[in-house]
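Here are my notes from going through the model, one point at a time. Have the viewer open while you read.

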Amino acid sequence: MFMTKIFTKLLIVLSFIVCYPCFSQPLDKQMVRVGIRPEEVFSTLRLQSFSGNWRVEFAGASATRDLLTEGEDCTIMLVPKGMVARFSDGKEFGAGFSKITFSGGALLNLEIPDLQPVLLQNIIEVDFAENSMRLVNKITVHQHVVSSISKIGITNEPEALKALCVMARSRLAWLIANTQHKDVPYDVCDEEHCVPFCGCGYNRELVDILASMTADQIIRYGGKPILPRYQNTCGGHISSAKDIFGTDEPYHPAHPDLLDGKGSENCFHSPGFHWTIELQKVDFLDFLSIAFAGGADRIYTGWEPARVDSYGRIQQVTLRGRVPKILSGIDFHRALNEYFGPNGIKSMKFTMELLRRTIIFRGMGQGEGVGLCIYGADGLAKKSQKYLEILKFYYPGTEVKQ
Ligand SMILES: [Zn+2]
Ligand SMILES: [Zn+2]
């Protein structure tokens, strides 16, 4: 009787081990579909095999397949009947396809006219919607974490990089489950509001190793995965998600980016800690009219901060005009970024000095102001903090678990 019980238990354990991979693949091995440059409209692209031979599958009425060998390239064009392709060795595929898939090689270089080339790996799918082609890169969560953190992780500190890997993986896991992009064939786009992604051309060996060391770990609050927020530099003070986004996220409270008794602010060494920029008043008015105007009721002659949090970060802005408009500091900042670029007004934590023709902005920090400060994480690692301590510091009340 006793032996039967043990045998049954053993059988259950064994079958769990055997079956486990079938129903729950480790997070880092799961695939994520990344929309590449989804905002751009383009009808031509070129893919060149930098490394390996790529299987190319043409889907549509006259489906076919071929091989793109190393060094060869393939130009795809969108024409009224669908997509057509031409290989550099002269092969033509002119039937008008609905989808073209590349897989099996190591590295593929993507060129879209007028845009920076991007190096891609794993699976690349090209299809189209209306007048633009669409590109989706299917990669593993691990590959995505390595690519994004190699690019945005300005640090060489292993503990800071580990914290960043866990942060990026948590965002991906959350976004795969709660996609911000509906009715499109991808889970995340390549922009900052999802996770910034510009292919694997910047990949760093060190990040790859550290991502593997923290494999499958994500940040949880009350057992549930969270969407951790982050910024390049907080400028000494982190604002709460409540103040900036109006959302209830207890793990994103306001606090100074300062470790008790350990010197200056954690991100004090960031080039974005203090910044100044002088802008022409006319340029600023142009910005207001281009970004927000429309019709007679929407002509704005100026703006002012409407609400500022205790750290001096502008939470809300009033646009002055016949009918004033109130908008969040975050929306105003995103519009500023789009108009003046990332090196214009780096954050909403600034003061202004009005001169006759110009405005001098003096600011602190770079980014939206909430969550992990990347330069601060680097500073904390330099103050001997381990990655779990760094994550606890920026996301209080959370735990890191698989
Ligand atoms: Zn997105
Ligand atoms: Zn900071």
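1. H181 comes out at 16% relative accessibility, so it counts as buried (buried is under 20% relative accessible area, exposed over 50%, partly exposed in between, with a 1.4 Å probe and protein chains only). H193, at 41%, counts as partly exposed. Keep in mind that this is a predicted model, where local features need pLDDT of at least 70 and side-chain atom pairs count only at pLDDT 80 or more, while totals for chains, interfaces and linings use all residues. On bookkeeping, residues are numbered from 1 along each chain as its sequence is written, chains are lettered from A and ligands numbered from 1 in the order in which they are written, and side-chain values use heavy atoms, with hydrogens and water left out.

2. What coordinates the zinc ion (ligand 1)? The donors are H181 (NE2), C189 (SG), H193 (NE2) and C194 (SG), at 2.1 to 2.3 Å. Along the chain they follow the spacing H-x7-C-x3-H-C. H181 sits in the loop between α3 (158-177) and β13 (188-189), and H193 in the loop between β13 and α4 (205-213), 12 residues apart. Donors here are N, O and S atoms within 2.8 Å of the metal (3.2 Å for Na, K and Ca), and water is not among the atoms, so sites may look incomplete. Helices (H or I, at least four residues) and strands (E, at least two) are DSSP runs, numbered from the N terminus.

3. The 4 donor atoms around ligand 1 subtend angles of 102 to 117 degrees, which makes the zinc site tetrahedral (four donors with all angles between 85 and 135 degrees). For reference, the ideal angle for four tetrahedral donors is 109.5 degrees.

4. The zinc ion (ligand 2) has C234 (SG), D257 (OD), C267 (SG) and C373 (SG) as donors, at 2.1 to 2.3 Å. Its angles run from 100 to 120 degrees, so this arrangement is tetrahedral. The sequence spacing is C-x22-D-x9-C-x105-C. D257, in the loop between β18 (255-256) and β19 (274-280), and C373, in strand β25 (residues 372-373), are 116 residues apart. Both D257 and C373 are buried.

5. There are 20 aromatic pairs in the structure (Phe, Tyr and Trp rings, using the six-membered ring of Trp, with centres within 6.5 Å; planes under 30 degrees apart are stacked, over 60 edge-to-face, the rest tilted). F287 with Y339 is a tilted one, 5.5 Å centre to centre and 50 degrees between the planes. F287 is in helix α6 (residues 281-292) and Y339 in helix α7 (residues 329-340), so the pair ties together parts 52 residues apart in sequence. F287 is buried at 0%, whereas Y339 is partly exposed at 34%.

6. W303 and F350 pair edge-to-face, at 6.3 Å and 70 degrees.

7. Now for helix α2 (residues 141-152). Its 12 residues reach 16 Å from first C-alpha to last, close to the 16 Å expected (1.5 Å times one less than the number of residues). The helix is mostly covered, with 11 of its 12 residues buried, including H142, H144 and I152.

Key: Four donors count as tetrahedral if all angles lie between 85 and 135 degrees; four count as square planar and six as octahedral if opposite donors are over 155 degrees apart and all others between 65 and 115; anything else is irregular.
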